[in-house]
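Dear colleague,

Please find the structure below, handed over for your own work. My findings follow it.

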Amino acid sequence: MLLPNILLTGTPGVGKTTLGKELASRSGLKYINVGELAQEGQLYDGYDEEYDCPILDEDRVVDELENQMREGGVIIDYHGCDFFPERWFQIVFVLRTDNDVLYKRLETRGYSEKKLQENIQCEIFQVKKLQENIQCEIFQVLYEEATASYKGEIVHQLSSNKPEELEDNINQIMKWVDQWVKDHNS
Ligand code: DAT
């Protein structure tokens, strides 16, 4: 059976992981968090002294994922999207969150990560990074990166402020997946 690949992107904290995992459990598609994949495989290329975190080795990430992406049925979660091959994805969702909501989420996450001392992805650890992520959302950096990297008609923005919106987004994507599967397997 042919299955689509879905990209979930957006600024850290917008809800990619929450949506991706829930979508995977309801649709049966496979969820892959690129940050975790890089951490597990140490897919890094050097170290960013300014941000005190390792630099993603984009080529190795792409190599690592290639076979699974070719098979299809994968949901990719990452706060970047310009280094993935365009042919990988049949649809791209850019999650968006209002600044005040996002600020609170990142602040809460920053505190808990500090407490746990598990500096996994270095996305939002420092105050500086928190502010940059807010700026990133204000200037729609990920939306622009997505529209520059993929055909406009497959890129969709999803509002991700409230639990009801999460539910709406899941339902909307599930419908799209069902239709895609019907269209490509008959
Ligand atoms: P990301 O993977 O984009 O970094 P996440 O899935 O870890 O984001 O979500 C960050 C926090 O926000 C987490 O505590 C769950 C919460 N959250 C996600 N989507 C939400 C929504 N639509 N409404 C309310 N809270 C949400």
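**Aromatic cluster and cores**

Tyr78, Phe83, Phe84, Trp88, Phe89 and Tyr150 are linked into a cluster by ring pairs. Rings of Phe, Tyr and Trp (its six-membered ring) pair if their centres lie within 6.5 Å; planes under 30 degrees apart count as stacked, over 60 as edge-to-face and the rest as tilted. The structure holds 6 aromatic pairs. One of them joins Phe84 and Phe89, whose ring centres are 5.8 Å apart with planes at 75°, so this pair is edge-to-face.

Please note that this is a predicted model, in which local features need pLDDT of at least 70 and side-chain atom pairs count only at pLDDT 80 or more, while totals for chains, interfaces and linings use all residues. Residues are numbered from 1 along each chain as its sequence is written, and side-chain values use heavy atoms, with hydrogens and water left out.

Phe84 counts as buried at 4% relative accessibility, and Phe89 counts as buried at 5%. Buried means under 20% relative accessible area, exposed over 50%, and partly exposed in between (1.4 Å probe, protein chains only).

The largest nonpolar core has 27 residues, of which Leu7, Val61, Leu65, Ile76, Phe84, Phe89 and Tyr150 touch the most other members. Such a core is a set of buried Ala, Val, Leu, Ile, Met, Phe, Trp, Tyr and Cys residues joined through side-chain atoms within 4.5 Å. Two or more residues of this core come from each of α2 (34-41), α3 (58-71), β5 (74-77), β6 (91-96) and α6 (141-149). Helices (H or I, at least four residues) and strands (E, at least two) are DSSP runs, numbered from the N terminus. The largest share of the core, 4 residues, is given by α3. A second, separate core of 23 residues includes Leu8, Ile91, Ile170 and Val181.

Leaving aside neighbours within four places in sequence, Tyr150 is in contact (heavy atoms within 4.5 Å) with Leu7, Cys81, Phe84, Pro85, Glu86, Phe89, Val92 and Val155.

**Ligand surroundings**

The ligand is surrounded by 14 residues, the closest being Gly13, Lys16, Thr17, Thr18 and Arg109.

An oxygen atom of the ligand is 2.5 Å from an N or O atom in the side chain of Thr17. A polar backbone atom of Val14 is 3.3 Å from an oxygen atom of the ligand, and a nitrogen atom of the ligand lies 3.2 Å from a backbone N or O atom of Pro163.

On its own the ligand has 550 Å² of accessible area, and the protein covers 75% of that; the areas come from the Shrake-Rupley method with a 1.4 Å probe, and for residues only the protein chains shown count as cover. The elements giving two or more residues to the shell around the ligand are α1 (16-27), α4 (99-116) and α7 (163-184). With 3 residues, α1 gives the most.

**Individual residues**

Most residues other than glycine have a negative phi. Gln42 has a positive phi, near 50°; Gln42 is placed in the loop between α2 and β3 (44-48) and is partly exposed at 46% relative accessibility. Gln140 also has a positive phi, near 45°. The place of Gln140 is the loop between α5 (127-138) and α6, and at 29% relative accessibility Gln140 counts as partly exposed.

Methods: Near = heavy atom within 4 Å. Polar contact = N/O pair within 3.5 Å; in protein donor to acceptor, adjacent residues only side chain to side chain.
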